[in-house]
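Subject: Structure handover: aromatic and charged side chains

Dear colleague,

My notes on side-chain contacts come after it.

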Amino acid sequence: MLYPQQNDRRNLLDLSGFWDFQLDPDDAGERAGWVNGLTKPRQVAVPASWNEQFQDTRDYLDAAWYARRFYVPENWRRQRVFLRIGSANYAAQVWINGRYVGDHEGGHLPFAFDVSDHVVWNEENLVVIRVEGRLTPTRVPPGNVSGRGIGGLMSNYPRTSFDFFPYTGLHRPVILYSVPQAYIRDVTVMTDLEGHTGVVKIAVEQAGDNLRGRAVLQGEGGPQSADLVFANGQATTTLTVPNARLWSIDDPYLYRLTVTLNDGDAVLDRYVLDVGIRTVAVDGSRILLNGKPIFLTGFGRHEDFPIHGRGLNMPLIVKDYSLLKWIGANSYRTSHYPYSEEQMWMADHLGILVIDEIPAVGLFFEDGKENIQTRLALCRQQIGELIARDKNHPGVIMWSVANEPMPPNALRQPDGSAPPADRTVGIDFFRSLIELTHHLDPTRPVTMASLMNGPIEWMALCDVVCINRYWGWYVHGGQLDQAAQMLGQELDSLYDTLRKPIIISEFGADTLAGHHSDPPEMWSEEYQVEMLRRYLDAAATRPFVAGLHVWNFADFKTAQGIIRTGGLNMKGVFTRDRRPKMAAHFLRQRWNKAARPDTTEQDQA
């Protein structure tokens, strides 16, 4: 899962650009020999979703094929050659020069294949990738679920079980890269504090010969280094940093770790990582960063923008982080899937805290043990791949294993009451996921985002309680006084029962930019401001509330439906093209230290 690097021992070739592209609605491409080249291709951009690039692909989720020709540089001949696909949503199969390489299920996370024996030299190579994003009940996230998910007034097309558009395609770069025959396969960094001394624990896995290695950490105070002695391909060491400069929201300082494999004095391979020395812990009702309480201000977000959909957009990343800083946000959740590695790098460098979430949105438990176990296996795969990819990012402070999983009869009635629900269903499911997450990474808390009337037994399994609440919108719409009362009562009841930090991980109101009313009414900018104000005020008087994430950072595309005007969820405080609504200016006054220098962090909540 290490991101490919270009240095004096490694090479990479980014295959992003225009690819041949052909739809395959009859799933006949393999029989027709498309693994050797497409018959009637058109050009498509990679990385990007295919849905908005053509008129006939917006709602198309079945199989489509990508193909591109490339040369492998001659000076790579003595190295191992890999093909890495950053994200293929939802499932992919890969061929090189007509030979099958491998497959992967699950969008949003990278996968790579050793193609050293598949490529040819001094002539063109052909890579072909079949991608499909069908919505089925046993996938994660599920779709086309009979009688569940988005139904009734929430009926939509395509028939998702989640409230965002099911973008499909090659969403992140496709990279060809090479490494030495003996190379660094993985690096894991965990940091701790002993007084003012930073403790950096390093584990390195190598492929090939059991060579010796070296780890060098550079930063304030000069370099710290240690030899690496491998046994069965594994080596560990610990570096101590006196008077360490800690990574934090206000000072996201990054040390530079260089790991090498050596044969005597010769360096055979090297890999470089940014390291932030910091700790994350839960203490009673508080979340601690470097032993000090933090209060999360920020958003749920989406990787979403016109035309390219969920495809990697580097200028948009810069713009969004600039807006996060402008508004005074210090955090966000990757709702509802892992974001690009480039987003994680930006968080590390700017001091933004990230709750990192797998694509387990819309989970349900009503179609039998076999299907439930199929989804559990996919969730376990996804959390394993996510931790393997993002474990070294200091900005990532928490893992989320699900968003709004639904037990039977979970949804509240219009009066706010809830029908009886089987609250024991899913306990073993989520216990398995959370225990696996703690095993793979014992340094970060684990959570899930619970929907209204979500079983408290599920919340009790988490280190931090995250709740999505829409009092004043879906329940008691237009009645903000009653909504605030219900929110306060629920917060107090949850804390009295669970005694854990609570983050309100979603709350908000759909808002038409430019629509105004006095007094505030639903869909107006004034109503959005007043609803956010009630939630922020409720949190400010309850010290056990450890953060608030407004839903949403920006308006985003959804499937078509009668409650989604223009195919958009309009709960953003910014429009889809990043123009601020009144709510953005309101939050800036509440959250931004520069705008209110005389306030404390708790006051800003």
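This is a predicted model: local features need pLDDT of at least 70, side-chain atom pairs count only at pLDDT 80 or more; totals for chains, interfaces and linings use all residues.

Aromatic rings

A search of the whole structure gives 35 aromatic pairs. One of them joins Tyr-321 and Tyr-332 edge-to-face, with 6.0 Å between the centres and 80° between the planes. This pair links distant parts of the chain, since Tyr-321 belongs to helix H1 (residues 314–327) and Tyr-332 to strand E24 (residues 331–333), 11 residues apart. Both Tyr-321 and Tyr-332 are buried. Tyr-332 also pairs with Tyr-339, and here the rings are stacked: 5.9 Å centre to centre, with 20° between the planes. Tyr-339 is buried, as is Tyr-332.

Elsewhere, Trp-19, Phe-21, Trp-50, Phe-54, Tyr-60 and Tyr-66 make up one aromatic cluster.

Two arginines lie over ring faces. Arg-375 sits over the face of Phe-364, 4.1 Å from the ring centre.

Salt bridges

The count of salt bridges is 40.

Asp-320 and Arg-578 form a salt bridge at 2.8 Å, N to O. Asp-320 lies in helix H1, while Arg-578 is in the loop between strand E32 (568–569) and helix H8 (582–591), so the bridge ties together parts that are 258 residues apart in sequence. Asp-320 counts as buried because its relative accessibility is 3%, and Arg-578 is likewise buried at 7%.

Arg-564 and Asp-510 meet in a salt bridge at 3.4 Å, N to O. This pair too connects distant parts of the chain: Arg-564 is in the loop between strands E31 (556–557) and E32, and Asp-510 in the loop between strand E29 (502–506) and helix H7 (525–540), 54 residues apart. Arg-564 is buried, with a relative accessible area of 5%, and Asp-510 is buried at 2% relative accessibility.

Finally, a network of salt bridges links Asp-27, Asp-62, Arg-130, Glu-132, Arg-134 and Arg-139.

Regards

Terms used: Residues are numbered from 1 along each chain as its sequence is written. Side-chain values use heavy atoms; hydrogens and water are left out. Rings of Phe, Tyr and Trp (its six-membered ring) pair if their centres lie within 6.5 Å; planes under 30 degrees apart count as stacked, over 60 as edge-to-face and the rest as tilted. Helices (H or I, at least four residues) and strands (E, at least two) are DSSP runs, numbered from the N terminus. Buried means under 20% relative accessible area, exposed over 50%, partly exposed in between (1.4 Å probe, protein chains only). A charge sits over a ring if NZ of Lys or CZ of Arg is within 6 Å of the ring centre and within 35 degrees of the ring normal. A salt bridge is a side-chain nitrogen of Lys or Arg within 4 Å of a carboxyl oxygen of Asp or Glu.
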